[in-house]
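Subject: Structure handover

Hello,

Please find the structure below. Notes on what was found in it follow.

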Amino acid sequence: MAYQYPHLCAPITLGRTTFRNRMFSAPMGGTDITNDGCIGPKSTAFYELRGKGGAGAVTVSECMVHPQTDGSHAYHLDESILNSLACATYTADAIRRHGAIPSLELSHSGMYAGTYMTDKSKQKSMHQWGPSACTRPDGVEVKALTKDLIDEIVAAYGHVAGLAKRAGFEMLMIHGGHGWLINQFLSPYFNKREDEYGGSLENRCRFAIEVLQSVRAAVGPFFPIEFRMSGSELFDGGYDLEEGCRIARQVEPYIDLLHVSAGTYQRGFGDTHPSMFKEHGCNVYLAAEIKKHVKVPVATIGGLNDPAQMEEIIASGKADVVYMARALLADPFLPNKVMANKSEDIVRCLRCFTCMAERAATSTRRCTVNPLIGRECEGDEVRPAPVSKKVLVAGGGPGGLYAAYTAARRGHQVILCEKEAELGGILKSEQALPFKYEMYQLAGTYAKFARDAGVEIRLNTEVTKEYVEKEAPDALIIAVGSAPLVPPIPGLDGDNVVVVNNYYLEKDKVGDDVVVMGGGLAGSECAIHLGQEGKTVHLVEMRDTLAPDANVRHRPLLLKEIDKYVHVHTGYRALRVTDEGVICADSKGQEVLVPGKSVICALGQRSRTDVVTALQGTAPFVRVIGDASRVSTITNAVYWGYHAALDI
């Protein structure tokens, strides 16, 4: 078989271990860590899914090697803890039995111990240790590690490495990046020591090298050791790419794979985890430059989800391995699809941060485009229904499409009706925003899945009570979505006004001076796009804050983009729209003109409750999903659609 992407699909041997392809699953934290640091069954299933999906290696994150000086809210591997070794063994086996190589990331948070705790009061009560004494920006005091504690931590790395090998892990990733302890020693910003561990580059690398030597002594020769580093810290005072190259040469003799990431978690979350506002592969240049200075294979990471781009990275010699994290949440089977020359079936990660925001909020995981994430223990197979039924889906947005696809996979006869000429629902509007284009693509991917599964799609077909009675389905899924809110503000019906949902159809009407009415997520993102196009953009919001509907990971990065491109007016209530802009009442009640020849109306959405009411009770089984039920998110629309189909 000739691979469409031969370099991406080629095996690679590290040490004496051969990996089936160059697509590796990056470390992603588990969700059911026990109180004593064991890997819970949900997390085992979480990692197994990536092994089943075809990744060459699956990395379990993060195993903290020294709980005495690190956070407790993380994995530990300790033979004195009941089930610790067993849980690790079950996890390694779950990955390995599908042909992937199980890897374990060994780490220490250093001065940021307890970062993942949802209870911040406990984090502040901990003893934080780092290379040097300091006070963190949040006021937490950090103590300098003594030489005895350094020796103890170095020994702990080796001890845990030996246990990991015993548990069946066949590679180890030593986390030396992202602002954690090893990175803190490497960094001239964090490391102010005056002993053999501070000052010169060689001294700052000493701790990392001692850790790698300790691990090698524990696992023996030919066992793959991977070192993860930030190619550059990407902030003033941290080390740059030139010094990153020198660090790479220092650690090269002790490793089999050099994993080049970027930034620090605490000072550059959007660098370490590139947002939708950045180019895919924005950090690849770091790996490409470092690869020129070392002989060991180099891995890269950073917003990668396109096999064509990843193929070019390897074929051109920028890196030898590509790592994906969020992309393998969106589609765990991406590597299998690439290996089978079915890349058109890949569900692309939206880089919306739903996954990481959910972990921060509830210590669980969800994915906007993959309702299985967080529920892997239920299995990834959709079971056939005991009786095939006729299912009618009203609405061709993301929730309706996924519901139809899932119902068809269960063996039902499925008809999906969309009253407009194109599928996608509210996702159609995203095609005009380049950084959200993958949301528009999502509708096409789901539509392909539905058609391939046998769904009959009827466009330009509105589902009414009479239509349902004529079709007489056994089940009706109502996914008719929402409509934009256009309040009776004088002038809002003028020719200079474009409703944000229709911007993709009417963008030629929008001039170089624009007022966006509504500072929610839709209005804020539209304002950013218009600003990126070079337009003068004013954003008007009645509340005191922007984008409160954005998740906690996406919102800070969105606000940074707002600062770059948009003039913001919070506490402004729109009174009327004129040819010159929007007349508003400011916080003191005084009238103010916000200038702009063009106006975007982004004042929210409203459920189509009239349609829902008319369709209730028209079939034996009726389920309302997505915005038709409650104006919410794509995540909920897809999740509710998936489970509605499973209930039929």
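Two strands count as paired if DSSP finds at least two bridges between them. Helices (H or I, at least four residues) and strands (E, at least two) are DSSP runs, numbered from the N terminus. The model is predicted, so local features need pLDDT of at least 70 and side-chain atom pairs count only at pLDDT 80 or more, while totals for chains, interfaces and linings use all residues. Residues are numbered from 1 along each chain as its sequence is written, and side-chain values use heavy atoms, leaving out hydrogens and water.

β6 pairs with strand β8 (residues 141-144) in the parallel sense, over 3 bridges. Within that pairing, Gln-128 has Val-142 in β8 as its bridge partner. Together with β7, these strands form an open sheet of 3 strands, ordered β6-β8-β7, with mixed pairing. At its edges are β6 (128-130) and β7 (134-135), each pairing on one side only.

Strand β4 (residues 57-64) has two parallel partners: strand β3 (residues 23-29), over 3 bridges, and strand β5 (residues 101-107), over 6 bridges. Met-28 is opposite Val-60 in β4, and Thr-59 is opposite Ser-103 in β5. In β4, 8 of 8 residues are buried (under 20% relative accessible area, 1.4 Å probe, protein chains only).

Thr-300 lies in strand β12 (residues 298-300). Thr-300 counts as buried because its relative accessibility is 0%. Beyond neighbours within four places in sequence, its contacts (heavy atoms within 4.5 Å) include Val-260, Asn-283, Ile-313 and Tyr-323.

Regards

Key. Buried means under 20% relative accessible area, exposed over 50%, partly exposed in between (1.4 Å probe, protein chains only).
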